[in-house]
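Here are my notes for someone meeting this one for the first time. Have the structure open while you read, and take the points in order.

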Amino acid sequence: MDAGAGWSRMLDDLENRFDAERRAQVAAQSVESAAADAALIRLVDRLRGRVGQQVRLRTRGGNDVDGVLTQMGDGIVLIDEPDGLQAVAPLPSIAVVVGLVAAAPQPRRPSRATLATVLRELGRRGSRTRLLMPAGDVVGRIVRVGADHVDLLEAAAERPTRISIAFDAIDLVRSR
């Protein structure tokens with residue numbers, strides 16, 4: 001065997017090993033980079049990617065919502081359910097979402113709709129509203145919306161009773 005050919009094979013072998021090590025390093029960096037990118041994605045970003053599409057979620061109180069995610073507000077999602085119902089879920093009350101895929105970019109003009117603005121609109125319309133909470137549901141008409149609570153006249157009582165409910169206690173709002 002020619003000594004030059006032996007050296008050439010040895011150098012080729014070393015070059016192939018170096019290439020394999022470089023490819024392994026690049027692959028490892030890609031995996032680390034993807035993991036770091038995924039760590040920055042929030043649930044709200046992934047929900048935003050479902051606007052206009054069917055979504056199914058469960059709140060921390062065990063309330064299920066299944067419908068079309070029509071809008072993302074400031075700290076809330078608005079969902080059109082079957083039978084003409086509309087649901088508003090505060091983001092902190094969402095425990096499980098089925099079928100999310102990639103994140104969506106931030107909207108150019110974020111919605112200013114908040115839980116308070118939605119409740120004020122329901123009150124202005126005089127809509128019968130159901131507030132679902134882990135402590136129990138309340139149905140009535142909204143009469144006042146404060147900074148951190150809502151007052152409604154309970155429909156189930158013989159004599160309408162005014163009830164104040166903290167926003168933080170609300171799992172889900174349903175209305176027509």
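1. Start with helix α3, residues 115-125, where Leu115, Ala116, Val118, Leu119 and Leu122 are buried. Looking down the axis of α3, you find these buried residues within an arc of 165°, so they line one face of the helix. Keep in mind that this is a predicted model.

2. What sits over that buried side? The cover for the buried residues of α3 includes strands β3 (76-80), β4 (86-90), β6 (128-132), β7 (138-145), β8 (149-154) and β10 (172-175). On the face of α3 turned away from the buried side, look for the exposed residues Arg124 and Arg125.

3. Arg125 has a partner: its side chain meets that of Glu121 in a salt bridge, 2.9 Å from N to O. The two are 4 residues apart in α3, so about one helical turn separates them. Arg125 counts as exposed because its relative accessibility is 52%, while Glu121, at 27%, is partly exposed.

4. Now for a salt bridge that reaches much further along the sequence. Which parts of the chain does the pair of Asp171 and Arg60 link? The side chains of Asp171 and Arg60 come to 3.4 Å, N to O. Asp171 is in the loop between β9 (161-166) and β10, and Arg60 is in the loop between β1 (54-59) and β2 (64-72), so to speak two distant parts of the chain, 111 residues apart. Asp171 is buried, at 0% relative accessibility, whereas Arg60 is partly exposed at 44%.

5. Another pair to check is Asp45 and Arg42, a salt bridge whose closest N and O atoms are 3.3 Å apart. Asp45 is the buried member, with 11% relative accessibility; Arg42 is partly exposed at 45%. The salt bridges of the chain come to 10 in the count.

6. Asp151, in β8, has a relative accessibility of 3%; the cut-off for buried is under 20%, so Asp151 counts as buried. Leaving out residues up to four places away in sequence, Asp151 touches Arg141, Ile142, Val143, Arg144, Arg162, Ile163 and Ser164.

7. The other is Val138 in β7, which is buried at 10% relative accessibility. Setting aside neighbours within four places, Val138 has contacts that include Thr129, Leu131, Met133, Leu152 and Ile165. From Val138 to Val173 is 35 residues in sequence and 9.9 Å in space, C-alpha to C-alpha.

8. At the other end of the numbering, Trp7, Met10, Leu11, Leu14 and Phe18 make a nonpolar surface patch of about 520 Å². Leu11 belongs to helix α1, which covers residues 3-39.

9. Finally, the overall picture. The chain has 3 helices and 10 strands, and from the N terminus the elements run α-α-β-β-β-β-β-α-β-β-β-β-β. Of its 176 residues, 32% are buried. The chain exposes about 11,100 Å², with carbon and sulfur atoms supplying 52% of that. Among contacts with a separation of 6 or more, 49% are between residues 24 or more positions apart.

How values were computed
Residues are numbered from 1 along each chain as its sequence is written. This is a predicted model: local features need pLDDT of at least 70, side-chain atom pairs count only at pLDDT 80 or more; totals for chains, interfaces and linings use all residues. Side-chain values use heavy atoms; hydrogens and water are left out. Patches are made of residues with over 30% relative accessible area and no salt bridge: like charges are joined within 9 Å, nonpolar side chains (Val, Leu, Ile, Met, Phe, Trp, Tyr) within 5 Å. Accessible areas come from the Shrake-Rupley method with a 1.4 Å probe; for residues, only the protein chains shown count as cover. A salt bridge is a side-chain nitrogen of Lys or Arg within 4 Å of a carboxyl oxygen of Asp or Glu. Buried means under 20% relative accessible area, exposed over 50%, partly exposed in between (1.4 Å probe, protein chains only). Contact means heavy atoms within 4.5 Å. The arc is that of the directions from the helix axis to the C-beta atoms.
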